[in-house]
Amino acid sequence: MIFKEFSATKKRLFRVMDDQGKIISPSHLPEISNELLIKAFQDMLFARTADQMIVSYQRQGRIFTYPPNLGQEAIHSAVAQVIKHDDWLVPAFREMGAWLAKGVTLKDLFLYFMGNETGGSFSSAHNMFPVSVPIASQLPHAAVIGYAIKLKKLDQVVYAFTGDGGTSEGDFHEALNFAAVWKVPVVFIIQNNQFAISVPLRMQTVSDSLAIKAQAYGMPGLQVDGNDFFAMFAAIKEAEEHTRTGNGPVLIEAVTYRQGAHTTSDDPTKYRTREEEEAWQKKDPVNRLRNYLIDKKLWEESREEELISQFRKEIDRIFVEAENHPSYPLEDVFQYQYAEMPDDLKRQKIEHERFLEWSRSRTKKEVAR
Ligand SMILES: Cc1ncc(C[n+]2csc(CCOP(=O)(O)OP(=O)(O)O)c2C)c(N)n1
């Protein structure tokens, strides 16, 4: 009964372990087998390794803009361990661990961030929406999928993601309102990573929390330490049970920190301090769970190096595969919007062809140098 005990109206943050990974609330420690716990940790390690490699591929000019996940992995892994095959995932764009759990292949993920249309459909993922770049626009869809599930009497739950910035969009409020009015099975998850690009949370809202907004719509709201795997897992599990059994939607605010840049095009040193970053690094979700596992003799740090080097080889192999995937024809970008291409689109197409020519000649010059 975490949602009652820690209801957002009580202004209490739900935590199970401290910043070092020591259990501070044994009565809230969720039931989870050692096997699943180790898997959850390995999922976090894998996602972190892939994430860091993608940032470095971007720096090498081998992939386009990418939004790093560093520091937010416990949230994704908690959802990954609970979400079922038939459940729906409605992503924002910064929850890679949840995408992988839903069956997105790394190759498709790489293709997506390479701007290759083949990747964007995530065809191997069952019941997952595409990535949503227009902030919060995915949330009304999540509510309506919930409506369809209820109408068809299906045994499914929708997990819908947004960031703290997304909570300032009308779509967020419309989605929560009607999900509650219709009493549909949606778990709304806000990843409060403290910033929307350079805009800090204090400029986003003066509410006591983001979770408390649930109160206005008549659904349970919970503020959770999003860097505490156990707290996240317990919260997602209870939310899932609540909503799957016909009690309507819930809102979880996962308090975390984006340790990396907003995207690879951003420079966070312009708007936040080194001290703040260091304070949050001490609450790192991977370190906390690792400390716990080592303390319980469920993990040895010596195993990690070998495992990560295996991950790296595998990730790199798939990345090269994606690099060698045939590119889509240029026309595809322009082709499908209208039956007949209007003049402004024709002009854009010519412009783009010129750009490609320019960038090809530039690459040739660089190679020649
Ligand atoms: C409707 C809309 N407005 C503005 C943008 C530009 N934009 C891209 S990401 C972003 C910030 C999103 O912040 P948040 O929801 O907190 O998610 P985070 O990036 O922190 O994960 C903005 C404003 C956009 N993509 N869509």
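Leaving aside neighbours within four places in sequence, histidine 242 is in contact with Phe3, Pro220, Asn247 and Val250. Contact here means that two C-beta atoms, placed from the backbone, lie within 7 Å. This is a predicted model: local features need pLDDT of at least 70, side-chain atom pairs count only at pLDDT 80 or more, and totals for chains, interfaces and linings use all residues. Residues are numbered from 1 along each chain as its sequence is written.

**Overall build**

- The chain has 15 helices and eight strands. Its radius of gyration is 21 Å, close to the 21 Å from the globule rule for 369 residues, so the chain is as compact as a globular protein of that length.
- That radius is taken over C-alpha atoms, and the globule rule is 2.2 Å times the number of residues to the power 0.38.
- Helices (H or I, at least four residues) and strands (E, at least two) are DSSP runs, numbered from the N terminus.
- The C-alpha trace spans about 65 × 50 × 40 Å along its principal axes.
- Domain 1 covers 2–323 and domain 2 covers 331–368. These bounds come from an automatic or database domain assignment.
- The C-alpha centres of the two domains lie 36 Å apart.
- Among contacts with a separation of 6 or more, 76% join residues 24 or more positions apart.

**Burial and core**

- Buried residues make up 42% of the 369 residues in the chain. A residue is buried if 20 or more other C-beta atoms lie within 10 Å of its own, exposed if 12 or fewer, and partly exposed in between; the C-beta atoms are placed from the backbone.
- The largest nonpolar core has 91 residues. Such a core is a set of buried Ala, Val, Leu, Ile, Met, Phe, Trp, Tyr and Cys residues joined through C-beta atoms within 7 Å.
- Tyr159, Val187, Met232 and Ile252 have the most contacts inside this core.
- Beyond four places in sequence, valine 187 is in contact with residues including Val157, Val158, Tyr159, Ile236 and Ile252. Glu240 and Thr243 are also among its contacts.

**Ligand shell**

- The ligand has 16 residues around it, and Ile135, Gly163, Gly165, Gly166 and Ala196 come nearest. A residue is near a molecule if its C-beta atom, placed from the backbone, lies within 6 Å of it.
- Strands β3 (158–163) and β5 (195–196) each supply at least two residues of this shell.
- The shell divides into six nonpolar, seven polar and three charged residues. Ala, Val, Leu, Ile, Met, Phe, Trp, Tyr, Cys and Pro count as nonpolar, Asp, Glu, Lys and Arg as charged, and the others, Gly among them, as polar.

**Helix α5**

- Seven of the eight residues of α5 (residues 106–113) are buried, so this helix is largely enclosed by the rest of the structure.
- The buried set is Leu106, Asp108, Leu109, Phe110, Leu111, Tyr112 and Phe113. Their cover includes α2 (34–59), α4 (96–101), α6 (117–120) and α13 (301–323).
- Lysine 107 also lies in α5. With 17 other C-beta atoms within 10 Å, lysine 107 is partly exposed.
- Outside four places in sequence, lysine 107 is in contact with Ile318, Glu321 and Ala322.
- Glycine 115 follows α5 and has a positive phi, near 80°.

- Most residues other than glycine have a negative phi.
- Asparagine 127 has a positive phi, near 55°. This residue is in the loop between α6 and α7 (138–151).
- With 7 C-beta neighbours inside 10 Å, lysine 297 counts as exposed.

- Histidine 242 is found in helix α10 (residues 229–244). It is partly exposed, with 19 other C-beta atoms within 10 Å.
- Histidine 242 and glycine 165 are 77 residues apart in sequence and 26 Å apart in space, C-alpha to C-alpha.
- Glutamine 194 is in the loop between β4 (186–192) and β5. It counts as partly exposed, with 19 C-beta neighbours inside 10 Å.
- Leaving aside neighbours within four places in sequence, glutamine 194 is in contact with Pro200, Leu201, Tyr257 and Arg258.
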